[in-house]
Amino acid sequence: MSRAKRGRTSGMSRRALVGSMLSTGLLAGCGRIDESAPGAAMLDLTDRLTRRAERLLLSGRPLVRELSSAQISATFPTNGTVLPKGDGYQRLLEGEFRDWRLRVDGLVAQPLALSLAELRAMPARTQITMHNCDEGWSAVGQWTGVQLSRVLDRCAPRLNARYVVFHCMDVQEADGAPYYESIDLLDAVHPQTILAYGLNGAALTVGHGAPLRLRVELQIGYKNAKYVDRIELVERLSAIGRGRGGWWEDFDRAPWYAGQ
Amino acid sequence: MPRAAAPDAMIATLRHPWPVRLWHWVNAVGITLSLLTGCWIFNVHPRLYWGEDGHAGMPAVLSLEAVDAAAKPPRFELQVGGSRWDVTPLMGVIDVEGSDQYTLVGAYPKDYQFGASRTWHFLAAWMLVGGWLTYGLYLIGSGRLRRMWWPGGGGARAASYNVVQQLAYLALFALLIPTLILSGLTLSNSVTAAHPELFALWGGRQSARTVHFGAAATLAFFVAVHLYRVLVCGFFPLMRSMVTGRRPAAGGEGT
């Protein structure tokens, strides 16, 4: 998703109107159909139905397809935030992230604060996968990082932990809220769910989320949070952000489970 | 005349049995919603590619491009396979936070959220796939497939569809709709994790996306022809026949 480009769609006006007429006739005047009670109920029902079907499909715990090095895209587009604002990030960047720590807390028996060097010292996984943005485009990249399951093993999650929340260092201009995302433990322990610090054999660039981003290959673009600096284990998502489990989910009613 | 609805009389007066009418109206809602939300999704990235990957900066088999973005309004070209057409007069404009954005078809309405448009698209997909599967079972189970759509295999009632219509319906039902469903499923990470062989069917994920939009455009053309024929052949009698099932007095065959 392009956070900058798409932005808010309020204040829209129409002048020359071929296509808009179609949607105007159908939906304008109905107000926000997705915020009306029946509209929201239909959307929630659809997301639940789709998610159930996806869970059924994934019951054999398959790996997503991994591609060959010949298939890596010549360029990998950057999208959304390409440079987090603020002195804090700038200082970390100038110090080559030596002072950066990944905090792991919430419902854990052993809170962690891991440096980039510590993460790199853990067993690494490299995978060539396709990134699919909900806008429609795809790019193939080779990601290197540590499996999230290994970090979870070290922090010893409590029995009531159900979701893993990724807090990010970039604040969204549209509403001033920091980016965040969340996945459930089932996707968190998937072998291809990694905390990536490398892309195509080099250190992750700022545009791609340096120093650390999530790669959750079972799901699409916006779930793969960039600039992660805190992982929180929680029992429910309602208390985080506006409660829908992610920034795009809160702001744009994107589906929380995004394997479609 | 309560006994008049004997089987023979029913055949004479009831042109559309209730499963046909139900499927028709599920399709009417589902296809409208899927085409509209499909336009919203297309507008966010109006470029189609062939192969596995594809993104801005890579060659596109079809694209909608602002060639003179500084002009007011900008000049737009539709590029298909290297040929270009100026489509500026066809463009609608939406003003997003002061920065104009332009779309060719189906701009999402005021205050709308893109994130939800994919869920609306899936709602339409569930309706259409559910209807297609159920109706497929009915077609085969009831013998309607053989009677009505199978060229040369019809009974007395097949006379109302000519061979071209029979082949068109058969191709739509058995070729175009499965193509739409399978190419759409290939765009899902969950589906392709379980069934990576789907990529091979199209020659890559972006090929599947291109096929999906192409098949949708074909369906839209089919719907346009259908609506045109409904208007030409008599809107009110045909609407009545598709609501009540009663045969129109004259004309209106096989739209």
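Colleague: Confidence, then. What does chain A average in pLDDT?

Modeller: Chain A averages a pLDDT of 88. In that chain, 87% of the residues score at least 70.

Colleague: And where does pLDDT stay under 50 in chain A?

Modeller: Over residues 1-31 of chain A. The model still has 92 contacts beyond four places in sequence for that stretch. Where pLDDT is low, the predicted coordinates should not be read in detail.

Colleague: Okay, sheets. What is the strand order of the open sheet of 5 strands in chain A?

Modeller: S2-S1-S10-S5-S6, with mixed pairing.

Colleague: Which are the edge strands there?

Modeller: Strand S2 (112-114) and S6 of chain A. Each of them pairs on one side only. From one strand to the next, the twist averages 20°.

Colleague: How many bridges join S5(A) to strand S10 of chain A?

Modeller: There are 6 bridges, and the two strands run antiparallel. S10 covers residues 228-234. For a landmark, look at His167(A), which stands opposite Arg230(A) in S10(A).

Colleague: Which helix lies across S1, S2, S5, S6 and S10 of chain A?

Modeller: Helix H6 of chain A, residues 148-155. H6 runs at about 135° to S2(A).

Colleague: Switch to chain B. How many strands form the open sheet there, and in what order?

Modeller: Chain B has 4 strands in that sheet, in the order S1-S2-S3-S4. The pairing is antiparallel. Strand S1 (47-48) and strand S4 (83-86) of chain B each have a single partner strand, so one side of each has no neighbour in the sheet.

Colleague: Over how many bridges do S1(B) and S2(B) pair?

Modeller: They pair over 2 bridges, in the antiparallel sense. Leu48(B) has Leu62(B) in S2(B) as its bridge partner.

Colleague: What is the bridge partner of Leu62(B) in S3(B)?

Modeller: Val80(B). Strand S2 (residues 62-68) and strand S3 (residues 75-80) of chain B pair over 6 bridges, again in the antiparallel sense.

Colleague: Now charges. How many salt bridges over all chains?

Modeller: The count comes to 20. One of them joins Arg253(A) to Asp44(A), with the closest N and O atoms 2.6 Å apart. Arg253(A) lies in the segment after helix H8 (247-252) of chain A and Asp44(A) in helix H3 (residues 37-57), so the pair ties together parts that are 209 residues apart in sequence.

Colleague: Arg253(A), buried or exposed?

Modeller: Arg253(A) is buried, at a relative accessible area of 8%. Asp44(A) is partly exposed, at 34%.

Colleague: What does Glu173(A) form a salt bridge with?

Modeller: Lys85(A), with the closest N and O atoms 3.0 Å apart. Glu173(A) sits in the loop between strand S5 (163-171) and strand S6 (178-184) of chain A, and Lys85(A) in the loop between H3 and helix H4 (87-94), so this pair ties together parts 88 residues apart in sequence. Both Glu173(A) and Lys85(A) are exposed.

Colleague: And in chain B, which residue pairs with Glu65(B)?

Modeller: Arg47(B) forms a salt bridge with Glu65(B), the closest N and O atoms being 3.6 Å apart. The pair links strand S2, which holds Glu65(B), to strand S1, which holds Arg47(B), 18 residues apart. Arg47(B) is buried, with a relative accessible area of 15%. Glu65(B) is partly exposed, at 22%.

Colleague: Last one, helices. At what angle do H2 and H8 of chain B pack?

Modeller: About 140°, with their axes 11 Å apart. H2 is residues 18-44 and H8 is residues 205-244. H2(B) passes H8(B) in a left-handed crossing. The contact includes Trp25(B), Ile31(B), Leu35(B) and Phe42(B) of H2(B), and among its residues in H8(B) are Phe213(B), Leu219(B), Val223(B) and Met239(B).

Terms used. Residues numbered from 1 in each chain as written. Chains lettered and ligands numbered in written order. Predicted model: local features only at pLDDT ≥ 70, side-chain atom pairs only at ≥ 80, totals over all residues. Heavy atoms only, no water. Pairing = 2+ DSSP bridges. pLDDT = per-residue confidence, 0-100. Contact = heavy atoms within 4.5 Å. Salt bridge = Lys/Arg side-chain N within 4 Å of Asp/Glu carboxyl O. Buried < 20%, exposed > 50% of the residue type's maximum accessible area, 1.4 Å probe, protein only. Axes fitted to C-alpha atoms, helices over the stretch in contact; angles between N-to-C directions. Left-handed = near helix turned anticlockwise from the far one by under 90°.
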